[in-house]
Amino acid sequence: MADCLFCRIAAGSIPCDKVAESEQVLAFRDINPQAPTHVLLIPKRHVADSASGLEPGHAGLIAELFGLAARVAAQEGLGGGWRLVTNVGPDAGQSVPHLHLHLLGGRALGWPPG
Ligand code: 5GP
Ligand code: ZN
């Protein structure tokens with residue numbers, strides 16, 4: 001989608017600090033990190049708008065998102081633990097309507113989240 005920020009990052013028309021990629025998924029550092037490691041994992045092709053839009057046909061993509069997250073966590077040295085977050089809608093603070101996971105780690109993250 002031409003007017004989607006994450007589609008433009010996936011296409012390379014907006015630069016990003018890429019940490020890894022797989023066939024369908026791109027991982028890059030969040031521009032406003034909330035932890036020492038804060039990586040976004042996005043499908044390279046637009047998936048609107050969030051986890052609430054997922055269907056059975058996305059099963060392979062979801063496995064790939066989680067699989068690449070685990071690979072990045074290992075690459076980042078997050079042996080002490082890490083967290084995946086996906087925000088859905090305004091109450092969760094979602095700002096980009098393209099499915100994405102936040103990978104957070106590198107400090108004690110606390111539970112429950114704020
Ligand atoms: P959301 O709030 O939708 O769950 O997550 C969107 C994330 O994208 C935010 O954490 C925000 O900091 C990040 N973000 C927004 N614009 C950019 C950008 O241009 N580049 C990168 N790398 N991250 C961005
Ligand atoms: Zn998009």
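Reader: Where does Leu5 lie?
Author: Leu5 is in helix α1. Helices (H or I, at least four residues) and strands (E, at least two) are DSSP runs, numbered from the N terminus. Before going on: this is a predicted model, in which local features need pLDDT of at least 70 and side-chain atom pairs count only at pLDDT 80 or more, while totals for chains, interfaces and linings use all residues. Residues are numbered from 1 along each chain as its sequence is written, chains are lettered from A and ligands numbered from 1 in the order in which they are written, and side-chain values use heavy atoms, with hydrogens and water left out.

Reader: Is Leu5 buried, exposed or partly exposed?
Author: Leu5 counts as partly exposed because its relative accessible area is 40%. Buried means under 20% relative accessible area, exposed over 50%, and partly exposed in between (1.4 Å probe, protein chains only).

Reader: On to the ligand. Which residues come nearest to ligand 1?
Author: Arg29, Asp30, Asn87, Ser95 and His102, out of 16 residues around it. A residue is near if one of its heavy atoms lies within 4 Å of the molecule.

Reader: What is the make-up of that shell?
Author: The shell around ligand 1 has seven nonpolar residues, seven polar and two charged. Here Ala, Val, Leu, Ile, Met, Phe, Trp, Tyr, Cys and Pro count as nonpolar, Asp, Glu, Lys and Arg as charged, and the others, Gly among them, as polar.

Reader: Which element gives the most to the shell?
Author: α1, with three residues. Both α1 (5–11) and β2 (25–29) supply at least two.

Reader: Which atoms lie 3.0 Å from an oxygen of ligand 1?
Author: One is a backbone N or O atom of Gly93. Another is an N or O atom in the side chain of His100. For Asn87, a polar side-chain atom lies 2.8 Å from a ligand oxygen. The protein covers 82% of the 520 Å² of accessible area that ligand 1 has on its own. Those areas come from the Shrake-Rupley method with a 1.4 Å probe.

Reader: Back to His100. Where is its place, and is it buried or exposed?
Author: His100 is in the loop between β4 (82–85) and β5 (101–105). It counts as buried because its relative accessibility is 6%.

Reader: What lies 2.6 Å from a polar atom of the His100 side chain?
Author: The backbone oxygen of His98.

Reader: New topic. Which residues does a cis peptide bond join?
Author: One such bond joins Ala48 and Asp49, with omega about -20°. Another joins Trp111 and Pro112, with omega about 0°. Most peptide bonds are trans. Asp49 sits in the loop between β3 (37–43) and α2, and Pro112 in the segment after β5.

Reader: And Ser50, what does its side chain contact?
Author: The side chain of Ser52, in a polar contact at 2.9 Å. A polar contact is a pair of N or O atoms within 3.5 Å; within protein, one must be able to donate a hydrogen and the other to accept it, and residues adjacent in sequence count only if both atoms are side-chain atoms. Ser50 lies in the loop between β3 and α2, and it is buried because its relative accessible area is 4%.
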